[in-house]
Amino acid sequence: MMKPLRDVGLVGYGAYVPRYRISAEEISRVWKMGEDNLHLEEKAVPGLDEDTTTIAIEAARNALRKAALDPSKLSAVWLGSESKPYSVKPTATIVAEAVGATPHTMAADWEFACKAGTEAMQAAIGFVGSGMADYAMAIGADTAQGKPGDQLEYTAGAGGAAFVVGPKGESMAYLEGSHSYVTDTPDFFRRPNQHYPTHGNRFTGEPSYFTHTIMAARALMDELGYGPEDYDRVVFHQPNSKFPVRVAKRLGFVEEQYRDGLLVPYVGNTYAASSGIGLAAVLDKAEPGERILLASYGSGAGSDAFSFVTTECIARGRNPIPQISDYVGRRREIDYAQYARHRGKLMMY
Amino acid sequence: MSLAKHWRLQQQRYRLIGVQCEDCGAKLLPRRLVCPQCKSHNLQPYSFKGQGMVYSHTVVYDAPSGYDGYVPYPAALVRLDEGPLVATQLTDVDIDEPYIGMPVEMVTRRLREHGESGMIVYGYKFRPKLKD
Ligand SMILES: [Zn+2]
């Protein structure tokens with residue numbers, strides 16, 4: 001188990017989901033993919049002027065407001081994403097500048113498919129836990145793309161989640177420990193200059209998502225001496241609405257434990273933000289003293305598992321700072337033609 | 001395209017940083033060197049809260065180059081809570097939704113990009129207030 005020498009926790013968190021939605025039914029109207037893909041309701045689509053940078057900025061601002069922290073005290077702004085607006089030029093510097101963390105700080109982009117955000121969180125825990133920094137921000141944000149007509153088009157959504165890691169004494173939820181599990185598993189990838197990713201179809205399930213998530217979560221619980229019954233809430237990476245439910249059940253959790261963190265039916269798979277948005281939704285509802293398990297998954301492949309316990313500060317800033325339910329409830333449905341425009345799938349000559 | 005010009009405007013565009021007059025208290029955006037109210041030179045940076053309401057609005061159908069990807073879009077003068085009027089785009093809103101007095105808040109969005117290989121310019125826009 002990993003645990004820093006100095007106790008740390010989440011002193012602030014924030015999330016963001018764009019306003020636009022396209023329903024699975026509307027995508028199916030165009031591509032005739034059949035009933036099997038309709039287990040999602042809809043997914044979030046970024047506006048014409050949104051990208052990973054702008055999504056990360058709003059999530060980061062919400063997290064700083066929750067933390068009630070002077071942004072210049074952040075010693076790092078770390079952003080995990082697979083949809084960076086620039087191939088060369090850190091997205092994190094733009095975010096750091098926009099939230100007021102610059103110039104005496106670190107900033108970097110992290111990559112690990114859908115677990116890039118929790119990879120940044122592990123690093124932030126180590127950075128603060130070592131005493132090198134008092135506060136560090138870890139963000140996961142994505143505007144994922146699926147090839148038109150591909151199964152991924154039903155799920156590839158957009159959103160962001162940001163966490164301020166700081167001393168345990170100021171935390172809304174403190175860390176009990178973490179565990180990471182990584183292998184070289186080529187279940188999903190995108191080569192440079194390719195617009196859309198390639199995925200291994202059935203290979204994405206058992207040897208990839210399930211094995212890694214279960215190994216990380218189980219190892220962490222074993223090391224802490226906990227079983228499923230010790231957790232009030234659990235959050236997993238949500239590539240679709242079936243996988244996180246199946247993995248929760250296989251680990252021995254029941255619906256009451258995973259229900260509040262399951263947002264994929266309404267926002268889609270938000271990639272590097274997926275498990276973070278789930279955690280934010282759970283923290284929005286948690287009472288003090290609740291134990292929460294978070295286990296991400298990133299293709300390629302790996303999982304980061306964390307055990308948190310909420311504190312008396314958990315309700316800090318619940319109003320007026322927007323909650324996940326405010327963003328999920330703010331929705332403007334668009335049709336496939338508008339979606340194609342929003343996602344840059346229209347070429348204008 | 002002037003990279004330096006965009007870079008100089010970042011503070012104002014990303015965080016609505018203007019100035020406050022230390023003598024008469026006036027809050028000014030964009031930043032000035034002399035207070036237009038009391039002629040003082042004693043102006044310090046001030047970060048506007050980003051809250052305001054629509055003062056007047058219109059819809060842009062024929063946009064300047066670099067902005068044409070967003071048409072049609074609503075544009076507005078927004079009266080900030082601290083006083084100044086800001087010319088801005090409205091976002092996350094349908095073109096027939098804005099009204100005079102609509103409560104709005106600042107967000108950071110893409111303003112424009114200089115082609116496929118050029119710089120992406122980010123800055124403030126205003127959207128209907130998400131939560132009271
Ligand atoms: Zn003055």
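Q: How do you know that chain A is divided into domains, and where are their bounds?
A: The model is predicted, and the bounds come from a domain assignment, which gives domain 1 (8-170) and domain 2 (173-310) of chain A. The C-alpha centres of domain 1 of chain A and domain 2 of chain A lie 16 Å apart.

Q: What makes domain 1 of chain A and domain 2 of chain A count as being in contact, and how many residues take part?
A: Contact requires heavy atoms within 4.5 Å. By that rule, 49 residues of domain 1 of chain A are in contact with 46 residues of domain 2 of chain A.

Q: How is the size of such an interface expressed?
A: The accessible area lost when the parts come together is often used to give the size of an interface. Domain 1 of chain A and domain 2 of chain A bury about 3600 Å² between them, and 64% of this area is on carbon and sulfur atoms.

Q: What other polar pairing is found across the interface of domain 1 of chain A and domain 2 of chain A, and which elements of domain 1 of chain A supply residues to it?
A: The rule for polar contacts finds 17 residue pairs, both residues being at pLDDT 80 or more. On the side of domain 1 of chain A, the elements that give two or more residues are strand 1 (8-16), strand 3 (42-45), helix 4 (116-129), strand 6 (136-143) and strand 7 (158-167) of chain A. Helix 4 of chain A gives the most, with seven residues. By class, this side of domain 1 of chain A divides into 22 nonpolar, 14 polar and 13 charged residues.

Q: Where does the domain assignment divide chain B?
A: Domain 1 of chain B covers 1-47 and domain 2 of chain B covers 50-132. Their centres, taken over C-alpha atoms, are separated by 20 Å. The contact takes 12 residues from domain 1 of chain B and 15 residues from domain 2 of chain B.

Q: Why are strand 1 of chain B and strand 2 of chain B said to pair?
A: Pairing requires at least two bridges between the strands. Strand 1 (residues 17-21) and strand 2 of chain B are joined over two bridges in the antiparallel sense, so they meet the requirement. In one bridge, B:Gln20 has B:Lys27 of strand 2 of chain B as its partner.

Q: What makes strand 2 and strand 3 of chain B edge strands?
A: The open sheet has three strands in the order 2-1-3, with antiparallel pairing. Strand 2 (27-28) and strand 3 (43-47) of chain B each pair on one side only, and are the edge strands.

Q: Why is the meeting of A:Arg330 and B:Asp92 called a salt bridge?
A: The distance of 2.9 Å, N to O, between the side chains of A:Arg330 and B:Asp92 is set against the limit of within 4 Å, and therefore the pair qualifies. Across the interface of chain B and chain A the rule finds 11 salt bridges.

Q: How many residues form the contact of chain B and chain A, and how much area is buried?
A: The contact takes 26 residues from chain B and 31 residues from chain A. The two chains bury about 2300 Å² between them, 45% of it on carbon and sulfur atoms. B:Tyr122, B:Leu130 and B:Lys131 supply 27% of the area that chain B buries against chain A, more than any other three residues.

Terms used: Residues numbered from 1 in each chain as written. Chains lettered and ligands numbered in written order. Predicted model: local features only at pLDDT ≥ 70, side-chain atom pairs only at ≥ 80, totals over all residues. Heavy atoms only, no water. Buried area = accessible area lost by both parts, 1.4 Å probe. Domains from an automatic or database assignment. Polar contact = N/O pair within 3.5 Å; in protein donor to acceptor, adjacent residues only side chain to side chain. Helix = DSSP H or I, 4+ residues; strand = E, 2+ residues; numbered from the N terminus. Nonpolar A, V, L, I, M, F, W, Y, C, P; charged D, E, K, R; others polar.
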